[in-house]
Amino acid sequence: MKVAAVDFIPAWGDLEGNIRRLAQAAERVAAQGVDYAVVPETAISGYDFTEPARLAPYVDTIPGRATAALLPVLSRTGLIMSVGIAERDAITGIFYNTAVLMGPEGIIGKYRKNGLNGQDVQLLGPGDTDVGVFDTPIGRIALIICYDDTYWQYDRLAALRGAQIIAWHSVSDRVMPGTPPAMARLNHSTVASVQHM
């Protein structure tokens, strides 16, 4: 099995363009023989919003515009993919940081982030989907998102429920060399945490 962590950087203020580029990325990784591709959290909107009103134009539903663009690619190529989406619940209108798992047959499942950080709680509701483990042709996959890695229970629940793959979706706030001090914030050592999990 070949798995890819897709380095996808959304363009600010370009929801439709991000969705189009995401579908193109799916085509490229499928052409490379990838069986399962994991795309970062909030891939179609970007992450660093300061208030719900600013995020609102860039949220999507599940199913929605992003899944409608991706599912034909997955159906044609056989690729399995999980994508981070800033989701608006179609019934309640609440925003969630969500990862959706899709394959050639359609939407397999979704997970709404439980481990919200200080920025998340200003924009998003706490996850209400539990830690699901989804059967796929390549194995049992669990989804977690970014700051979930600071809590031991999410990956352990996934393991207890039979996960063979834990897909971690993150924009990662790891501070890189050369980052100006004013921008060097919110580092919770995600890489080390994920290695530990």
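In this predicted model, there is 1 cavity of 30 Å³ or more. The largest cavity holds about 40 Å³ of space. Its lining is made up of Thr 42, Gly 46, Tyr 47, Phe 49, Leu 55, Ala 86, Leu 123 and Leu 124. Sorted by class, 6 of the lining residues are nonpolar, 2 are polar and none is charged.

Phe 49, one of the residues that line the largest cavity, also belongs to an aromatic cluster together with Trp 12 and Tyr 58.

The aromatic pairs in the structure number 4. One of them joins Tyr 151 and Tyr 154: the ring centres lie 5.9 Å apart and the planes meet at 70°, so this pair is edge-to-face. The two partners compare as follows.

| Residue | Relative accessible area | Class |
|---|---|---|
| Tyr 151 | 30% | partly exposed |
| Tyr 154 | 12% | buried |

Tyr 154 is also part of helix α4, which spans residues 152-160; the buried residues there are Tyr 154, Asp 155 and Ala 158. Viewed down the axis of α4, these buried residues fall within an arc of 90°, so they line one face of the helix. An α-helix has 3.6 residues a turn, so residues three or four places apart point the same way.

What do the buried residues of α4 pack against? They pack against the strands β6 (133-136), β7 (139-145) and β8 (165-169). On the face of α4 turned away from the buried side are the exposed residues Trp 152, Ala 159 and Leu 160. Just after α4, Gly 162 has a positive phi of about 90°.

Key
Residues are numbered from 1 along each chain as its sequence is written. This is a predicted model: local features need pLDDT of at least 70, side-chain atom pairs count only at pLDDT 80 or more; totals for chains, interfaces and linings use all residues. Side-chain values use heavy atoms; hydrogens and water are left out. On a 1 Å grid over the protein atoms alone, a cavity is a set of points where a 1.4 Å probe fits but cannot get out, and a pocket is an open set with protein on both sides within 12 Å along at least five of seven lines; lining residues have an atom within 4 Å of a point. Grid points are joined across faces, edges and corners, and a volume is the space filled by probe spheres set on the points. Ala, Val, Leu, Ile, Met, Phe, Trp, Tyr, Cys and Pro count as nonpolar, Asp, Glu, Lys and Arg as charged, and the others, Gly among them, as polar. Buried means under 20% relative accessible area, exposed over 50%, partly exposed in between (1.4 Å probe, protein chains only). Helices (H or I, at least four residues) and strands (E, at least two) are DSSP runs, numbered from the N terminus. The arc is that of the directions from the helix axis to the C-beta atoms. Contact means heavy atoms within 4.5 Å. Rings of Phe, Tyr and Trp (its six-membered ring) pair if their centres lie within 6.5 Å; planes under 30 degrees apart count as stacked, over 60 as edge-to-face and the rest as tilted.
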